[in-house]
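Please have a look at the model first, and then read my notes alongside it.

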Amino acid sequence: MKDLDPTYIQAPEHRRDSNSIPNQPEEIRVIDLSRLDDPEDVQNVISEIGDACEKWGFFQVINHGVPLDARQRVEKTVKTFFDLPREEKIKVKRDEVNQVGYHDGEHTAKVKDWKEVFDMYFKNPVVIPSSTDPEDEGIRLVYNKWPQFPSGLREACEEYARHAEKLAFKLLELISLSLGLPKDRFRDYFKDQMSFFRINRYPPCPRPDLALGLGHHKDPDVLGLLAQDEVGGLQVRRRSDGVWFPIRPVPNALVINLGNCMELWTNDKYWSAEHRVVVNTTRERYSIPFFLLPSHDVEVKPLEELVSPKNPPRYKGYKWGKFYASRNRSNFQNQDIEILQVDDLKVVT
């Protein structure tokens, strides 16, 4: 085995084989959304989604309406991009100010991830806070960056993202109904949404026992839609006991996971699960996540309908844009600063 740059080495308790059961019988639920066409089955689908959100914070969907050919166009064009020499890719490299485009130095929990990414915001331009300073009310516009080659990358990504956003809002309605709320309860939070679309490439790794493609983390968003290829590598930490389980690839399925926003809105009823990506020595892996994010000025706090004297709010509220900006600072490079985490907002009782 080749030597591994120390910046990639995970602490022993976070490595691939830590607290993991690779061949367990339990699986993340797979939900067929075509069942929504049957009026007698709609409530069953809603209940299954609610159960998955509460137990795992993850589920998979099939017959979801995102065209397979749209996904395949993204996969084909982005592979052409990632195969370019690095000097070409960094012409659209992201930086600490404008975090869109290409990047190959992302950190999770202050350890470098074994991957390279290409990011774009769904809205172009997108409105985001000028700084992480809570007293600074300034905003700025961020524009997506696109390479000159391959020429079809922008069109392929934008088409796929439109389909993914449509599905994301459909799922949001189903999740709302599973909570006993009106289906459009969350819709006003997305008037100036900060949603973004990413493509991950995980190259073969010489020491997958020491490194991770993506370190352990929870997503700060509302919900994510992930297309993963047949290689696999995504793992989720079970809510009940903290054991890591693989999410096995299902042909043409999308993996759905809840982020911190949903965990707070539901006052911990629904779960934002910790997850990670393991790598291997022989095969590269691609994944395509779409992250549904609210507008920068939305205050995220437990919903009034879901709290009561017997179930008081468990979190203080926060402005979404400021929280997101703080979290993103830790992803850009290994900085020796304390990053705001959702657990920091828990109400002491």
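The numbered points below cover helices first and then some backbone details.

1. A word on conventions. This is a predicted model, in which local features need pLDDT of at least 70 and side-chain atom pairs count only at pLDDT 80 or more, while totals for chains, interfaces and linings use all residues. Residues are numbered from 1 along each chain as its sequence is written, and side-chain values use heavy atoms, with hydrogens and water left out.

2. Helix H2, length. Helices (H or I, at least four residues) and strands (E, at least two) are DSSP runs, numbered from the N terminus. H2 covers residues 68-82, and its 15 residues should span 21 Å at 1.5 Å a residue; the expected span is 1.5 Å times one less than the number of residues. The end C-alpha atoms of H2 are 21 Å apart, which agrees.

3. Helix H2, buried side. Buried means under 20% relative accessible area, exposed over 50%, and partly exposed in between (1.4 Å probe, protein chains only). In H2, the buried residues are Ala 70, Arg 71, Val 74, Thr 77, Val 78, Phe 81 and Phe 82. They sit on the same side of H2, because they cover an arc of only 140° around the axis; the arc is that of the directions from the helix axis to the C-beta atoms.

4. Helices H1 and H4. How do the axes of H1 (residues 42-55) and H4 cross? They come within 8 Å and cross at roughly 85° (axes are lines fitted to C-alpha atoms, for helices over the stretch in contact, with angles from 0 to 180 degrees between N-to-C directions). H1 and H4 are therefore roughly perpendicular, a label for angles of 65 to 115 degrees. On the H1 side, Ile 46, Ile 49, Gly 50 and Cys 53 make the contact, and on the H4 side Leu 174, Ile 175, Leu 177 and Ser 178; contact means heavy atoms within 4.5 Å.

5. Cis peptide bonds. The bond from Asn 124 to Pro 125 is cis, with omega near 5°, and Pro 125 lies in the loop between strands S6 (116-121) and S7 (126-129). The bond from Phe 149 to Pro 150 is also cis, with omega near 0°; Pro 150 is in the loop between strand S8 (139-142) and helix H4 (153-178).

6. Positive phi. Asn 63 has phi near 50°, a positive value in a residue other than glycine. Asn 63 is in the loop between strand S2 (58-62) and H2, and is partly exposed, with a relative accessible area of 49%.

Methods:
Angles under 35 degrees count as roughly parallel, over 145 as roughly antiparallel, 65 to 115 as roughly perpendicular and the rest as oblique.
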